[in-house]
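Hello,

Here is the structure you asked about. My notes on its aromatic rings follow below.

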Amino acid sequence: MKNVNWKAEVEKRKESLIKDTQGLLQIRSVLEEDKAADLAPFGPGIEKALHFMLELGAAQGMQTKNVDGYAAHIELGDGEELIGILGHLDVVPEGDGWTVDPFGGVVRDGKIFARGAIDDKGPTMAAFYGMKIIKELGLPLSKRVRLILGTDEESLWRCVDHYFKHEEMPSSGFAPDADFPIIHAEKGMLNISLKLKSSAVNGEQANMLTAFSSGQRFNMVPDLAEAVIIASDELADRYQRFLDSRQLTGSSSKADGEITLRLHGKSAHGSTPESGVNAGVLLAEFLSGENLDAQGQLYTDFVAEHLRSVSGKELGIQAEDDVSGILTVNPGVFNYSVKTEGSIGLNIRYPVKHSGEIVLGSLEKLAVDKGFSLEVEKHTQPHFVDENHELVQTLKKVYEEQTGQPGKPIAIGGGTYARSLEAGVAFGALFPGREDVAHQKDEYMFLDDLFSAAAIYAQAIYELAK
């Protein structure tokens, strides 16, 4: 069958594709390490999502394997060479402000809404349906195709680390977890914790910052911040004027002699922090001008002075190259208590031609100068595949045939499982011109894009493995 109409094959299966996607989206597969168990190292929700996909694969007569609950795979075809498709089933926490059930899989206005709709359950299901179509059509393959299902992509990638210690490394492949047409360059990533230890010297002040918190993940722009201050009532009035002057949304309340301030921002993916409104940074900016106690002042001053922009300029780490663009900084997690220590979690994406060691050197010097210590939570090197590589050229051909649009490879600040492979690229499923709503409230994927992605993946899998 050389002239398969891939779009028509998806059309025949679109109702079941929607149903299966909804079923996967309705599972709250958020990291819950406090509920870890044997074969469920990241919690019961993630385990449930893994079993859901394995059952779909087994029902198609494909080979399946669960690798200790860290990851799993669904395999199709025969041959010595292995092609990998790497998707992930874990999702970031839902956050606030949804207008629909974040785990309802609601279909409305031609879209399917849920946390994970575009990152990465919808695209992963589209890739599975690409394999399903090839299987049901009985198309011959000379290579094996393996859909590898990760479960800790949004945190520390312990899933693929464990998986590839025990399982075969594909010769090449793609991750359906970014943008079309093709991502052949991914920036280096650093997760940094800056820690301010509790100070014994903390004189009496009119305004005492007792607590400050914002954000849940390094790779999410915080959309809510909260601070607790022992202060006079006038602070609440000044705060309201600050909100009004910046056209921000927030509130204040008083109880037991303490004022609680809240500020609402806008969440976004950590790879595009400029798309969000960082609630933590903004609340710290206000507090920095309030003559706080020594420790609280040190903490909020650092945020206000050095985290104002996403370029890293105020941190002294600004960088840019001609392949992947500028370095970006997302201050993703803020935690402060007057009784313990304060911390700031930074997610830094640096250009593929730049050095992470240079970034770390500059940051460590600044941190020490400002009274902080620095701890590297995670460092992932940049990833780059030449656009003349056979893998890139094959996917380029498929994309152009399916869409009629140019398939020129691009670079992103996001990090995908593609960098787990020596020859791996990210391939969809966000189409050019579509808003990137990953990690945002009311995350969605257009149904037409889900169908188009499934057709593209079906042809891509066939072209890579026929």
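How many aromatic pairs does the structure hold? It holds 21. Rings of Phe, Tyr and Trp (its six-membered ring) pair if their centres lie within 6.5 Å; planes under 30 degrees apart are stacked, over 60 edge-to-face, the rest tilted.

This is a predicted model: local features need pLDDT of at least 70, side-chain atom pairs count only at pLDDT 80 or more, and totals for chains, interfaces and linings use all residues. Residues are numbered from 1 along each chain as its sequence is written, and side-chain values use heavy atoms, with hydrogens and water left out.

Take Phe42 and Tyr70. Their ring centres are 5.4 Å apart and their planes are at 85°, so the pair is edge-to-face. Phe42 lies in the loop between α1 (6-25) and α2 (44-59), and Tyr70 in the loop between β1 (63-67) and β2 (71-76), so the pair ties together parts 28 residues apart in sequence. Helices (H or I, at least four residues) and strands (E, at least two) are DSSP runs, numbered from the N terminus. Phe42 is buried, at 2% relative accessible area. Tyr70 is partly exposed, at 25%. Buried means under 20%, exposed over 50%, partly exposed in between (1.4 Å probe, protein chains only).

Next, Tyr299 and Tyr336. Their centres are 4.9 Å apart and their planes at 40°, so this pair is tilted. Tyr299 is in helix α7 (residues 294-306) and Tyr336 in strand β17 (residues 328-337), 37 residues apart.

One aromatic cluster is formed by Phe174, Phe180, Tyr399, Phe427, Phe431 and Tyr457.

Best wishes
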